[in-house]
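Hi,

Here is the structure I promised to pass on.

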Amino acid sequence: MKYEIKIEKTLTPKAKPTDESKLGFGKIFTDHMFIMEYSEGEGWHNGRIVPFGPIPTHPASTVFHYGAEIFEGMKAYRAVDGTIRMFRPLENVRRLNTSAERLCLPTLDEEGCLDILNTIVELEKDWVPHSEGTSLYIRPFLYGNDPHLGVHAVKNAVFAVICSPVGAYYAQGINPVKIAIESEDVRAVRGGTGFAKCGGNYAASLRAGKRAEENGYTQVLWLDGVDRKYIEEVGAMNVMFKVNGKIITPMLSGSILPGITRKSCIELLKSWGFEVEERLFSVDELFDLAEKGELEEAWGTGTAAVVSPIGKLYYNGKEYTVSNNLIGETTQKLYDVLTALQWGKIKDEFGWSYVVCNG
Ligand code: PLP
Ligand code: COI
């Protein structure tokens, strides 16, 4: 079921960035955005693409007071055959609905949501950058918008999509990042909202992230919130470790995000013959393995971060170097194959690449 989408084009299009090496992440926005309202009586209605700009919001809106907000992160790529493509977009639509259900926000029709994404990306296709390693980051978000202060499941909501031409998420690019394992704050607990992509999870992560940055680390690696010993995920990515030739990654316990890049990497690794263990993996086991010289590689996976090698791991006053602080063989292969699939450089036997339009 498709939603109605009215299109009002901007009369003052902005100049596109000329130096794509300086894009960074999420600082520049395209000319338009999608927006649609929900109310209990009417369902989703008034879908429209309008010039990019502020969204007037009632000061008592649920989103400001009780954090009823979820989002997605996906990318559109300029493939080598000239088409504009997305990567497994239905997975993002489904995860958005899983997050919506957890936060009692209204869900979206899958086909209708895909159609919205296609329409905005096609309209903004000239904003998809051309250089290697760049893409158009797509940020769908959905929030509760009841104009009163009672704490209840919402009756009014807004769904919007904004787009931003981006380069690498980390300033280091594909070079190894330094990660601090957090022993004080926790991000999420089982039964909470860790598996949902909601703004509150990120708000809870900011203090530890700031501390890590002040100490020279790029991001925090979270431990589970109950025993404080099992490895969970990094601020903006899932993690994987190569130990004695096999891959270990934290299982989807309910408190971590079920990453689409994680899922794709697991499928790729298995197709290359790797054994992949999705299980509880404690920080003690990790460092025992590291001390025995059995930890071969560590990396993070995510839409923004793609596949990012981890070169240093800090925990409780000690810093461990992984893979001589260089990108490991399997990390590099995952990065190369995943990006080649996204940019249509190799045959896509998985059916992951999704053509939106001609560029
Ligand atoms: N974990 C967190 C906390 C994230 O923010 C992200 C990014 O979306 C990921 C993992 C990776 O998920 P995905 O691969 O679907 O982008
Ligand atoms: C993504 O990878 O899309 C994310 O959402 C991570 C981050 C920028 C919050």
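**What I found**

Ala-100 counts as buried because its relative accessibility is 0%, and the cut-off for buried is under 20%. One thing to keep in mind as you read: this is a predicted model. Ala-100 belongs to helix 2, which covers residues 89–102.

A polar atom in the Lys-197 side chain sits 2.8 Å from an oxygen atom of ligand 1. On the Glu-233 side chain, an N or O atom is 2.6 Å from a nitrogen atom of ligand 1. Ile-260 uses its backbone instead: a polar atom there lies 2.7 Å from an oxygen atom of ligand 1.

How much of ligand 1 does the protein bury? Taken alone, ligand 1 exposes 380 Å², and 97% of that is buried by the protein. The space ligand 1 takes up is the largest pocket.

Now for the shell around ligand 1. Strand 11 (231–234), helix 5 (260–271) and strand 15 (295–302) are the elements that each give two or more residues to this shell. There are 17 residues around ligand 1, and the ones that come nearest are Arg-95, Tyr-202, Glu-233, Thr-261 and Thr-303. By type, the shell splits into six nonpolar, seven polar and four charged residues.

How values were computed:
Residues numbered from 1 in each chain as written. Chains lettered and ligands numbered in written order. Predicted model: local features only at pLDDT ≥ 70, side-chain atom pairs only at ≥ 80, totals over all residues. Heavy atoms only, no water. Near = heavy atom within 4 Å. Polar contact = N/O pair within 3.5 Å; in protein donor to acceptor, adjacent residues only side chain to side chain. Areas by Shrake-Rupley, 256 points an atom, 1.4 Å probe, with all protein chains shown as cover. 1 Å grid on protein atoms, 1.4 Å probe; cavity = no way out; pocket = protein on both sides within 12 Å on 5 of 7 lines; lining within 4 Å. Sits in = over half its atoms within 2 Å of the grid points. Helix = DSSP H or I, 4+ residues; strand = E, 2+ residues; numbered from the N terminus. Nonpolar A, V, L, I, M, F, W, Y, C, P; charged D, E, K, R; others polar. Buried < 20%, exposed > 50% of the residue type's maximum accessible area, 1.4 Å probe, protein only.
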